[in-house]
Amino acid sequence: MSEETSIFGPYTHAKSSISRTMGLVMLSLLPATLFGLYQFGWPAIFLFLTTIVACVLAEAFSLRVAGKPIKPFVMDGSAILTGWLLAMTLPPWAPWWIGLIGALLAIIVAKQVFGGLGQNLFNPAMVARVALLISFPLEMTLFNQPVPMFSAQAPGFLESLAITFGSSDAIDAVSSATTLGHLKTELGRGVALPEAATTTVSIWQQLWGQTSGSLGETSALLLLLGGLFLIYKKVINWHIPVSMLGTLALLAGLFHLIDPNSYVGPMTHLLSGAAILCAFFIATDLVTSPVSIRGQILFGAGCGLLIYAIRTWAGYPEGVAFAVMLMNACTPLIDHYLKPRIYGRDRKGQPLVYSNEGTDRK
Amino acid sequence: MSTGKLFKLFKIRGGVHPDDRKQLSAGQAIEKLPMPPLLHIPLQQHIGAPAESLVRRGDEVKKGQLLARNQGAISAPVHAPTSGRIMGVGGYPAHHPSGLSVRTITLKPDGEDEWLDKLEPCDDYYQLSPEEIADRVARAGIVGMGGATFPSAVKLNLRKRYRLHTLVINGAECEPYLTCDDRLMREQAMQVVEGVKLMARALDVDHILFAIENNKPDAQASIREAAEDTDIVTVVGLPTRYPMGSEKHLVQTLVGKETPARGLTADIGVVVHNVATARAVYDAIALGRPLISRVMTVTGESIQDPKNVEVLIGTPLNNLIDYCGGFREVPERLISGGPMMGQPLPSLRVPAVKGSNGLLALSDKANKTTTEMPCIRCASCVNACPCGLVPLDMANHIKAGSLDSSVKLGLLDCIACGSCAYVCPSHIPLVQYFNYAKGELASRQRTQHKQNETKRLAEARTERMEKIKRAKREAMAKRKKEMEEKKRKKADKAAVAGAES
């Protein structure tokens, strides 16, 4: 018998742990990631690994400085996941230092400075992405067309090393705007949408992911699959993804109906950019999203609204990172006001009162 | 009997599905434990005031004889579980995590196991009035045997203050491992159903819902059979989910109404009693026997042969372990009750009491101790809480020392079911925080009460002293006045006398 007999129950526990939760998220990211790595070749693999290793090292360093035990916190998988998610949102052929600086920003500035695991107000990967986007606009907006591994145009191993770690300008040869970027530019020039859209890829290519874009954002279908797996495994609730995508689709549909020439349609909004990745993996980040169901619905709807507004009326073609961070800032407020109703009480917290006949005290 | 197949159930929020581990002991028929060499019968085995001992060292008692009578309205008497000699009345470790000593009667069985000859069995118990039933239940020392140990007669008398319509019999047994209620329903269905009918009569209700979780199909079948010729009993199958056996949630599942906060289920016209209590009521009224034994499940991975045992109240728990073949390995933990809400036992010397339903010896495999990690706000606890609370917020406020704000968040609405801590991926001992806060608040309240009381007494004393002083002063003034009067009279007299002479 242990000495801790004074500890209250329960004396049995579900098979849950932080590393299991993080592991499930990574598992569900795996298909889309593998597809992204295959599609963008060795440079993408180098960037992916650089970002994750840098995250883990930054985490270990911070824990050491803070005097916290290193092993349990590094082993929980949260740093790997942060690096993984960050890498998914980077241009696949970005240089290695983008991944490194992003990792340091995410782990040290956005997470450990706030107090480490569970304490951060903002999603670390999104903080890093926004900071990178503002600081290095050129590197962060240079996208390349998919050049699947083993295909003729794909760069070889050494050439790839030069792309990621050296100073190769190979990317200029294959650079290509993303769907959202292209549409934004064309609409900005006054070109009508049907005309501008003729040169973008088809809905099917977007769904499958054969388009230029960030490393892990392109395959809407595989991300959706992973997201559904997470909901099935009860790691996340369905409320944030559904309310976010629903709001985005609704707004896009509404404006597209009003003026089809200048407003992009709902399918493009849903399938291009980081919408699906965000809905299932970023907005649903456990630490930075509300805990109550009603709060999650509001949070998701807010994300959807902001994404649409930023994409449509603001200067950036993609607004997922900004939208999520703005809603992250609202999370404490949402949690304060939208709580579940307590058993036996009404929404205001007063005990329920039944007025019907049979229940009155004699 | 009406069938429960089509009975409409209502959804409750939250809950968890722990591995029920009932197969360890569910197949074992109830066995009677051999007479232990000594019995330690505590005077407090119920909620309320402790009973007052009526016996002294050296007294010879018969089985079923009253050993201690109840004190006050909420209390229960205690009876001799067997015949024998009283060895003493004094302190003995309680069946409680603290292991503090409580007043306990120690009885040495004489081996005769001879019943008291003035028991009052009752053959035509259907003729008894509700008052008589409640009175007999009170005299038999019956308390809620699901673990709450609230004096049952007080609950049977609720008809006087509430308009009741339904009696719910709680056969959910939603705690993992425990099978004592299951066995009781399978083996003694007739006694249980008769007891249930008696309780319904005492409560003056004409509707009985007998709720049994669907993981106990044999129990459902035997109760259905026993209740076949009664049309007021409906056997209802409950979905297997913890905490289905929580009184207020069980009632919500069956009736679709929530019990108002800080209220009783009687507020919505329902009273809930436990299966084992029903059998005790039958024994008390039909056979005239007081509550002197109960069925306990002795189980867990560390027990050699898990069993369901009929135990005399006061039996030291090590006798149960020995009877079940001892330990297979050194257990990691010894628990009284189920693994979700049970309490750790300080030692095996403590006696079985009226509220003990299980003795678990858990191995470390079933009870892995993992280090606590920070909260990742995953909301698993929010989704699992059957009471609609936000456990992570409450724990944060308690950690920060602001107990009052945790009360605002609903701390006092927490039923300590442990669903939140069960699912927490960070292994945060949430129930520990909540129980600490509840205990701390209660002790603050006591301190506050004491301060107020001291202040009141001090003020009363000052007032009393003032009064005495005032009275003295008044008396003195009066005396002075009288003296002066006397003097004056004397002077007058003298003057008159002088004038006369």
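## Exercises on a two-chain model

B:Thr149 sits in the loop that runs between helix H1 (130-139) and helix H2 (152-156) of chain B; helices (H or I, at least four residues) and strands (E, at least two) are DSSP runs, numbered from the N terminus. The model is predicted, so local features need pLDDT of at least 70 and side-chain atom pairs count only at pLDDT 80 or more, while totals for chains, interfaces and linings use all residues. Residues are numbered from 1 along each chain as its sequence is written, and chains are lettered from A and ligands numbered from 1 in the order in which they are written.

**Exercise 1.** Work out whether B:Thr149 is buried, exposed or partly exposed.

*Solution.* Start with the cut-offs: buried takes 20 or more other C-beta atoms within 10 Å of the residue's own, exposed 12 or fewer, and partly exposed is in between, with C-beta atoms placed from the backbone. B:Thr149 has 19 C-beta neighbours inside 10 Å, so it counts as partly exposed. Its phi is positive, about 55 degrees, although B:Thr149 is not a glycine.

**Exercise 2.** Find the cis peptide bond at B:Pro243.

*Solution.* Go to the loop between strand E11 (233-238) and helix H6 (247-255) of chain B, where B:Pro243 is found. The cis bond joins B:Tyr242 to B:Pro243, with omega about 0 degrees.
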